[in-house]
Amino acid sequence: MKIFKILTYPNKKLRCISKPVKRIDIKIQNIIDKMFETMISENGIGLSAIQVNIPLQIITILDTKNFNKKITIINPKIKKKKKKILQNEGCLSFPNQQALVPRYKYLEIEALNYFGKNIKIYAKSLLSICIQHEIDHLFGKLFIDYLSDLKKNIIKKKLKKMKKNKKI
């Protein structure tokens, strides 16, 4: 299976708002399978469909306690969030860049899974942070949006230099 190309910042498509998935069928499941393959090939733990130029509310995540367990999240809705923390984060759309981002340590969401079944996910720590990061992508929000202008500009310059040197 051919993997997807991951959009990198400053691609404007990363700011698109994703639409809810109306029907989960073999086409959607094929997208999910390909997203997992893409994410894993890039050593990521989370990927939203918009990062591969598909504006649908689909997220793929590797369970942060068991990286062999795949989690599919479709049309997520945050129900509860508790205890703010500051956590170092990276993003496949921002290769080799990390920054401290405010998130919630505990999160409860409702969504659909790979088979279209309703699920509830109670997440904490890294899994909670990863889910929040990917949900942000679905609504056109990027992790740099949480940063000061100075930190944003540093990351933008590094990415520009990497592109110039053809490292991304």
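The legends below describe close-up views of aromatic rings in a predicted model. Residues are numbered from 1 along each chain as its sequence is written, and side-chain values use heavy atoms, without hydrogens or water. Local features need pLDDT of at least 70 and side-chain atom pairs pLDDT 80 or more, whereas totals for chains, interfaces and linings use all residues.

**View 1. The ring pair of phenylalanine 94 and phenylalanine 143.** The whole structure holds 3 aromatic pairs (Phe, Tyr or Trp rings, the six-membered ring for Trp, with centres within 6.5 Å; planes under 30 degrees apart are stacked, over 60 edge-to-face, the rest tilted). The centres of phenylalanine 94 and phenylalanine 143 lie 5.0 Å apart with planes at 90°, so this pair is edge-to-face. Because phenylalanine 94 belongs to strand S4 (residues 94–112) and phenylalanine 143 to the loop between helix H2 (125–138) and helix H3 (149–164), the pair ties together parts 49 residues apart in sequence (helices, H or I of at least four residues, and strands, E of at least two, are DSSP runs numbered from the N terminus). Phenylalanine 94 is buried at 0% relative accessibility, and phenylalanine 143 is buried at 2% (buried, under 20% relative accessible area; exposed, over 50%; partly exposed, in between; 1.4 Å probe, protein chains only). Ring pairs link Tyr9, Phe94 and Phe143 into a cluster.

**View 2. The ring pair of tyrosine 114 and phenylalanine 115.** With centres 5.0 Å apart and planes at 75°, these rings are edge-to-face. Phenylalanine 115 is exposed, at 62% relative accessible area.

**View 3. Lysine charges over phenylalanine rings.** The charged end of lysine 34 sits over the ring of phenylalanine 4, 4.5 Å from its centre (NZ of Lys or CZ of Arg within 6 Å of the ring centre and within 35 degrees of the ring normal). Lysine 70 places its charged end over the ring of phenylalanine 36, 5.2 Å from the ring centre.
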